[in-house]
Amino acid sequence: MKIDRYGRAKIFTQGEIQTLFSKGFTLNPPRDRALFAVMLYTACRVNEAVTLLVVDVYDRRGQVRPEIGFRKNNTKGKLATRTIPVIEELRVRLKEYHPPSMEGYLFPGRYPNTHLRADSASWILREACRRVGIEGVSTHSFRRTALTQMSNAGIPLRVIQEISGHRTLDELYKYLEVRPDQVIGAVSSLSMLAPVEVVDFEVESEGVPVPETFPF
């Protein structure tokens, strides 16, 4: 678990996500819920989220697009543009959020033509988690949570890689967390390898015992 910004970012439980979104974000609730919902429901990096433009998410009528496009220049390594479908849970958060302008960055910064900084997003999250008593979290927690959830749901790794934007499956593996109950379940499955015990038995026919070993 991440402590004092060292270690691996925590994987959220469903209850922690509910608490964080309902009680944690108090500075600018619509904006912050939209920001971190984008990170959770698209598995994107914090820098990819804060550099989104309004037109990447809303159409000219102000309606949420069916997909969010993460531009190549804003992705890690600038490898390729990614397009992620907007699920209903994310659509709700984006509909609640009203950007200050329908031009420029989706999450604007303090100064004109700037976006919210990644370290500012980290501070917002730390304060929200402190408020509700959740430890070990960083902005990477949303990405790790999303990718691990998809893996646990049985989604093929190649499909998850397409969503995450990782260049190789080896890079993706580092994000996936194995829960203790999964380890217990895996080990418990080995019980099927236990040798079957032979139980002595007698079959009686008209009061005459039948030998346990049959001569045929």
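**View 1. Overall fold of the predicted model.** Of the 216 residues of the protein, 35% count as buried, where buried means under 20% relative accessible area, exposed over 50% and partly exposed in between, using a 1.4 Å probe and the protein chains only. This is a predicted model, in which local features need pLDDT of at least 70 and side-chain atom pairs count only at pLDDT 80 or more, while totals for chains, interfaces and linings use all residues. Residues are numbered from 1 along each chain as its sequence is written, and side-chain values use heavy atoms, with hydrogens and water left out. The protein has ten helices and four strands, these being DSSP runs numbered from the N terminus (helices H or I, at least four residues; strands E, at least two), and along the sequence they follow the pattern α-α-α-α-β-β-α-α-α-α-α-α-β-β. Among contacts (heavy atoms within 4.5 Å) between residues at least 6 apart in sequence, 59% join residues at least 24 apart.

**View 2. The pairing of strands β1 and β2.** Strand β1 (residues 67-70) pairs with β2 in the antiparallel sense over four bridges, two strands being counted as paired if DSSP finds at least two bridges between them. F70 stands opposite R82 in β2.

**View 3. The salt bridge between R71 and D56.** A salt bridge is a side-chain nitrogen of Lys or Arg within 4 Å of a carboxyl oxygen of Asp or Glu, and by this rule the count comes to eleven salt bridges. In the one formed by R71 with D56, the closest N and O atoms are 2.9 Å apart. R71 lies in the loop between β1 and β2 and D56 in helix α4 (residues 54-57), so the pair ties together parts that are 15 residues apart in sequence. R71 counts as partly exposed at 38% relative accessibility, while D56, at 8%, counts as buried.

**View 4. Further salt bridges.** K10 forms a salt bridge with E16, with the closest N and O atoms 3.1 Å apart, and both K10 and E16 are buried. E88 forms a salt bridge with R91, the closest N and O atoms being 3.9 Å apart; because E88 and R91 are three residues apart in helix α5 (residues 88-96), they are separated by about one helical turn. E88 is partly exposed at 49% relative accessibility, as is R91, with a relative accessible area of 21%. R45, E48 and R82 are linked in a network of salt bridges.
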